[in-house]
2 protein chains.
Amino acid sequence: MATLKDVAERAGVSTATVSYVMNNKENKVSAGVAKKVRMAARELGYQPNIAARALRSSRSNIIGIISEDIATFQVNNIVQGINQTADRENYQILLGDLNLNSRIWREGRQDYSLVMDYRDEIRDKVEIFRMVGACGIIYVGMHDRDITGLLQTDIPLVYAYSYTKNPGDYMVNNDNQRVATRAVEAMLRQGRRRIGLISGPVESVPAYKRLIGYQTALMDAGAVLDPELIVYGDWSDRSGELACRKLMALEERPDALFCMNDWMAVGAMKVLKELGVSIGEEVVLIGFDDIELCGFVEPALTSISIPLVEIGQRAAEKLIALAAGGQACCHREELPCRIVERETFGYED
Amino acid sequence: MATLKDVAERAGVSTATVSYVMNNKENKVSAGVAKKVRMAARELGYQPNIAARALRSSRSNIIGIISEDIATFQVNNIVQGINQTADRENYQILLGDLNLNSRIWREGRQDYSLVMDYRDEIRDKVEIFRMVGACGIIYVGMHDRDITGLLQTDIPLVYAYSYTKNPGDYMVNNDNQRVATRAVEAMLRQGRRRIGLISGPVESVPAYKRLIGYQTALMDAGAVLDPELIVYGDWSDRSGELACRKLMALEERPDALFCMNDWMAVGAMKVLKELGVSIGEEVVLIGFDDIELCGFVEPALTSISIPLVEIGQRAAEKLIALAAGGQACCHREELPCRIVERETFGYED
DNA sequence: GGGACAGAGTTAAACGATTAAAGCCCTCTG
DNA sequence: CAGAGGGCTTTAATCGTTTAACTCTGTCCC
């Protein structure tokens, strides 16, 4: 493997000159020499040694990813997006996965509110990233976690798909509130008047945003906000069943259901079928996430597709911009979702 | 951040001694001094600098993963398994994903036989792993690819979920052949006699192994091997539909279907429903992979669960053993699959 | 007594890059 | 023409480990 020294010898200059050329410090080297050096580097197939660079300058082209669980649909797709731009921009990815779900499962816990328990693990990952000289960190999480305080260094950090309270943090997300409004508006346009909401847990920030979106649409339409129509689940299909049962037991049944994820929607569908309610007519239904399952249940579930891959890409682009010393265009960014029409709800814009 | 030098000063010895202690070169240092050094290290919270170590010795506790597409079910779960043991054994993971599927999609290609096209990409990843001093590489692929030749170094390599021709390679896989035999035997025990096979592509090694398993069961039972009962798909639900249509058009219809993955099985189910064939009675059906979808189609699809997470774990354990200079217990390992009984086929053992 | 040897620890040279500081050479100015 | 200044290049220290080679001390045996 060719080193800086080899290139320097071949080009007849010092290693310093080669280093300057390689790092595009143009004001340091004349154009002629630079060209000569680049030639030599190409001929030898020179690639800088990451370890040496990291050791010396504590900076490399490695992006550290801290993810809550790579096995989940969302994280998975976001990581794919990060991977794509990293690839394109010649960055590498170091994955630090917290394995959150399988740990929760192993410990027999039901809830995700474990922020404190995982600070050590996160700190470890950050430490490793620092040591390989990662140029920045992307935190990919579904839960609402604030790790900014764990970074003692000034290494840039971008949150993907998770919310933080600190307005100085960089964040890429989807427009939970807006798309919820759009979905409910479409239901209203269809003449639906009692729109039930099967929500995620109260403490979830995305669930909260979607709730606001739901309420906004109803209020703008001058419709009544009936608190009975809002039921909370925990994202599981089982909890969707329970929620739906509760809603259908109301004196005035809802004629539409907005579910905050597809699993709960599928659970709700099971109950509706049991009750002999015709889905898509008596009750229209929309899910959230647009997981693969949607196209395979019967009737096929209309859902909201989150641009996960794009979120990953944007997060990576932001991070790379920050790492290069520039500024990212804005702190908080929300990418638009797309409503995917299937059989449970005819959406027209 | 504390360095070797700090620890050495605190313990009143040279950096060399500290290094020896940290690397458990016990014959170099007396027990008393070792204890003193370890104390000092703990007090300072010393963590070795990965970059420096990699630079000097070209060896670190980083496991490089080359994966074909992190977004696929199989790869995803295997990586999770690798992650788990890596975590436990204090190794780190560097992920080099080839993004194969999205590239294939982008280029508008239909087939996966692109081995040659991706040698360069793989070489790049290997190069990066070498530079951060990865202690070994795990190749996670669904397709049959041989990258052994791409490693010029003597860095250990373990294949997870992909087959290679070279018997000297380390490989962890599932027992495709045996479980196929078991599944078909169970069908025979139920009195089924014309068992249709919806296979993966001819060139796929796992598909071939499953085919052998299917044939073995039939032959052992003294049943007739009717080549008309074997149809090839390309793993997609669409191809499952086509295959099923072909099989159901036979003069003597099959009374059982063994599908080599769940997507094709779901496609087949669609056709069976169309034809008014009662699934689970007229025709029993089994899929392969046990993806989440299986529990949600109607009737729920019986399938074969591949121990993906365990494959990842074993692969990582093997690699760590090899990296530590020891030998891994055996070159090729096949973990047993589990048949998950649902509604399309009653399996009893 | 002295050479051989073993055990325990130290010295110092790498590994491959970055970068402040110094050096060289040329031009410009008073 | 001396001195300043600027553009380009080199020198050499440095990052934190690893490890071959060396030193030192004590023991043993002929």
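Analyst: Two residues are in contact if their C-beta atoms, placed from the backbone, lie within 7 Å. Among contacts in chain A between residues at least 6 apart in sequence, 70% join residues at least 24 apart. This is a predicted model: local features need pLDDT of at least 70, side-chain atom pairs count only at pLDDT 80 or more, and totals for chains, interfaces and linings use all residues. Residues are numbered from 1 along each chain as its sequence is written, while chains are lettered from A and ligands numbered from 1 in the order in which they are written.

User: What share of chain A counts as buried, and what makes a residue buried?

Analyst: The share is 48% of the 349 residues of chain A. A residue is buried if 20 or more other C-beta atoms lie within 10 Å of its own, exposed if 12 or fewer, and partly exposed in between. The C-alpha atoms of chain A fill a box of roughly 85 × 45 × 35 Å along the principal axes.

User: How many helices and strands does chain A have, and how do you know where they are?

Analyst: Chain A has twelve helices and twelve strands. They are DSSP runs, numbered from the N terminus: H or I of at least four residues for helices, E of at least two for strands.

User: What makes strand 2 of chain A and strand 2 of chain B a pair?

Analyst: Two strands pair if DSSP finds at least two bridges between them. Two bridges join strand 2 of chain A to strand 2 (residues 92-97) of chain B, so they pair. They run antiparallel. Leu94(A) stands opposite Leu94(B) there.

User: Which strands are the edge strands of the twelve-strand sheet?

Analyst: The order is 11(A)-5(A)-4(A)-3(A)-1(A)-2(A)-2(B)-1(B)-3(B)-4(B)-5(B)-11(B), open, with mixed pairing. Strand 11 (332-335) of chain A and strand 11 (332-335) of chain B are the edges, as each pairs on one side only. The twist averages 20° from one strand to the next. Inside chain B, strand 3 (136-140) and strand 4 (157-160) run parallel over four bridges, with Tyr139(B) opposite Tyr159(B).

User: Which strands does helix 5 of chain B touch?

Analyst: Helix 5 (73-88) of chain B packs on this sheet, touching strand 2 of chain A together with strands 1, 2, 3 and 4 of chain B. Its direction makes about 175° with that of strand 1 of chain B. Axes are lines fitted to C-alpha atoms, for helices over the stretch in contact, and angles run from 0 to 180 degrees between N-to-C directions.

User: How many residues does each chain bring to the contact between A and B?

Analyst: Chain A brings 33 residues and chain B brings 33 residues. Helix 4, helix 5 (73-88), strand 2 (92-97) and helix 7 (119-131) of chain A each supply at least two on the chain A side. Helix 5 of chain A gives the most, with seven residues. The chain A side divides into 18 nonpolar, ten polar and five charged. Ala, Val, Leu, Ile, Met, Phe, Trp, Tyr, Cys and Pro count as nonpolar, Asp, Glu, Lys and Arg as charged, and the others, Gly among them, as polar.

User: Which residues come nearest to DNA strand C?

Analyst: Thr3(A), Leu4(A), Ala16(A), Ala52(A) and Ala16(B) come nearest, out of 27 residues around DNA strand C. A residue is near a strand if its C-beta atom, placed from the backbone, lies within 6 Å of it. The surface near DNA strand C has twelve nonpolar, ten polar and five charged residues.

User: And which are closest to DNA strand D?

Analyst: Ala16(A), Arg56(A), Leu4(B), Ala16(B) and Asn49(B) are the closest of 27. Helix 2 and helix 4 of chain A, with helix 1 (4-11), helix 2 and helix 4 of chain B, each supply at least two residues of this surface.

User: What is the strand order of the open four-strand sheet in chain B?

Analyst: The order is 7-6-8-9, with parallel pairing. The edge strands are strand 7 (230-232) and strand 9 (284-286) of chain B. Strand 6 and strand 8 of chain B are joined by four bridges, and Ile198(B) has Cys259(B) as its bridge partner.

User: Why is the crossover from strand 8 to strand 9 of chain B called right-handed?

Analyst: The chain crosses from strand 8 through helix 11 (262-275) to strand 9 of chain B, and this β-α-β crossover is right-handed. The label applies because, with the strands pointing away from the viewer, the path from the first strand over the helix to the second runs clockwise.

User: Which way do the residues of strand 8 of chain B point?

Analyst: Ala256(B) and Phe258(B) point one way, Leu257(B) and Cys259(B) the other, and all are buried. In a regular strand the side chains alternate between the two faces of the sheet.
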